[in-house]
Each structure stands twice: as C-alpha cells, then as structure tokens.
Amino acid sequence: MFDFLKKKDKGIEIGAPVKGKAVPISQVSDPTFGEEILGKGVAIQPADGKIYAPADGTIEMLFDTKHAVSMTTTEGVELLVHIGLDTVALKGEHFTAHKGNGDAVKKGDLLISVDLEAVKAAGYDVITPMVVCNTSDYQTVEAVTGSDVNPGDTAVSYTHLRAHETSLHL
C-alpha cells in the first residue's frame, strides 16, 4: 500500500569504458562473451579508440597484447574490458597502454588507446565487451543498452546479494 514510500535501489553503477553505442552482450558473436560464459555485462560498438577506467579500482592484469584489461573495483567487482574480437592475434599492434599491472585508477583515467581504423582494416570486429567476471557474487547484474554512451555513463548496474544469501550456516 505504501510502496511509493520505499526507496528504489538503483544499484551500484559501473561506467562505460569507451564512447559508442551500448548493446546487449548477447550481440557479441564470440560465444565466450555472447553466451555470458565469463559473466554478465555489456558490449559497446566504439566510436573512438580511447578506453577509460569504468570505475575506481586497481588494474589486475593488462594483457601483454594490450587488447584487454582486467581490474577490481574498490567495491570488489571484477571487470574485464576486451577491445575487439580475436584482437589478441594483433600482438599489441595498434594498441598503446597508459596504465599497467597493479596501478590504482580512478573512474575516467585513460587505460588504453587503440587505432580502431587500423584494427578494422586488419579484419577485426572492434566491438568491446565489458564483463563482470564475478557475476555470481551479486543479486543482479544489468546492462544499460540501446543508447549512445560516453565514457563514465552508466553501462552496468548491480546489487549485492542479501546478507543471508552470502553467510554460511554451520
């Protein structure tokens, strides 16, 4: 009866790592991402080649080939940002890293620059999935899709599991 008095929990938000069009991750042709094998997330058709930190946290692994970066946010969300599909085969060509393993980052810090036109010319899809690798730690993980986003705009929101769902009963 008094539902209007209840505060709506919008969840905690993760920003877009790149400017572009946010689409459901199911539209990624690589099944590792499209079938959510690594976790839930969002994909962005990038409009430029600047990849930014989607949240405050720490770089856990910048791949040697600079095509992907994993980080843990200050809230404990494990994120993977993967620039393009099969771009590991480029062996770092067209990619420039601006941060490295173990670096603390703030939301909006430039992580990687990529020459998208060169990657496309080499025959690669530049769609950029961002996955919450520890999806099972959260009650919900929802992508915000269907619109153009700028770096930092909400791309994924999540809510924590309720306390009783995470506690052990001995």
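**Close-up views of the predicted model**

In S3, Ala43 is the residue that bridges to Val23. This is a predicted model, in which local features need pLDDT of at least 70, side-chain atom pairs count only at pLDDT 80 or more, and totals for chains, interfaces and linings use all residues. Residues are numbered from 1 along each chain as its sequence is written, and side-chain values use heavy atoms, with hydrogens and water left out.

**View 1. Strand S2 and its two partners.** Let us stay with the strands for a moment. Strand S2 (residues 20–24) and strand S3 (residues 41–46) run antiparallel and are joined by five bridges. Strands here are DSSP runs of E with at least two residues, helices are runs of H or I with at least four residues, and both are numbered from the N terminus. Two strands pair if DSSP finds at least two bridges between them. S2 is also joined to S13, by two bridges, and these strands run antiparallel. Here Gly20 stands opposite Val149 in S13.

**View 2. The open sheet of eight strands.** Stepping back, we can follow the sheet across: its eight strands come in the order S9-S5-S6-S7-S11-S3-S2-S13, with antiparallel pairing, and the sheet is open. S9 and strand S13 (148–149) stand at the edges; each has a single partner strand, so one side of each is left without a neighbour in the sheet.

**View 3. The aromatic pair.** A search of the whole structure finds one aromatic pair. Tyr138 and Tyr158 make up this pair, which is edge-to-face, at 4.7 Å centre to centre and 65° between the planes. The pair links distant parts of the chain, with Tyr138 in strand S12 (residues 138–143) and Tyr158 in strand S14 (residues 154–160), 20 residues apart. For the terms used here, rings of Phe, Tyr and Trp (its six-membered ring) pair if their centres lie within 6.5 Å; planes under 30 degrees apart count as stacked, over 60 as edge-to-face and the rest as tilted. Are these tyrosines, Tyr138 and Tyr158, buried or exposed? Tyr138 counts as buried at 8% relative accessibility, and Tyr158 is buried with a relative accessible area of 1%. Buried means under 20% relative accessible area, exposed over 50%, and partly exposed in between (1.4 Å probe, protein chains only).

View 4. A search of the whole structure finds three salt bridges, a salt bridge being a side-chain nitrogen of Lys or Arg within 4 Å of a carboxyl oxygen of Asp or Glu. One of them joins Asp56 to Lys106, with the closest N and O atoms 3.9 Å apart. This pair links distant parts of the chain, 50 residues apart: Asp56 is in the loop between strand S4 (50–52) and strand S5 (57–62), and Lys106 is in the loop between strand S9 (104–105) and strand S10 (110–114). Asp56 is partly exposed, with a relative accessible area of 28%, whereas Lys106 counts as exposed at 54% relative accessibility.

View 5. Lys120 and Glu117 form a salt bridge whose closest N and O atoms are 3.4 Å apart. Both lie in helix H2 (residues 116–121), three residues apart, which is about one turn of the helix. Lys120 counts as partly exposed at 39% relative accessibility, while Glu117 is exposed with a relative accessible area of 53%.

View 6. Thr87 lies in the loop between strand S7 (78–82) and strand S8 (95–97), and Thr87 is buried, with a relative accessible area of 0%.
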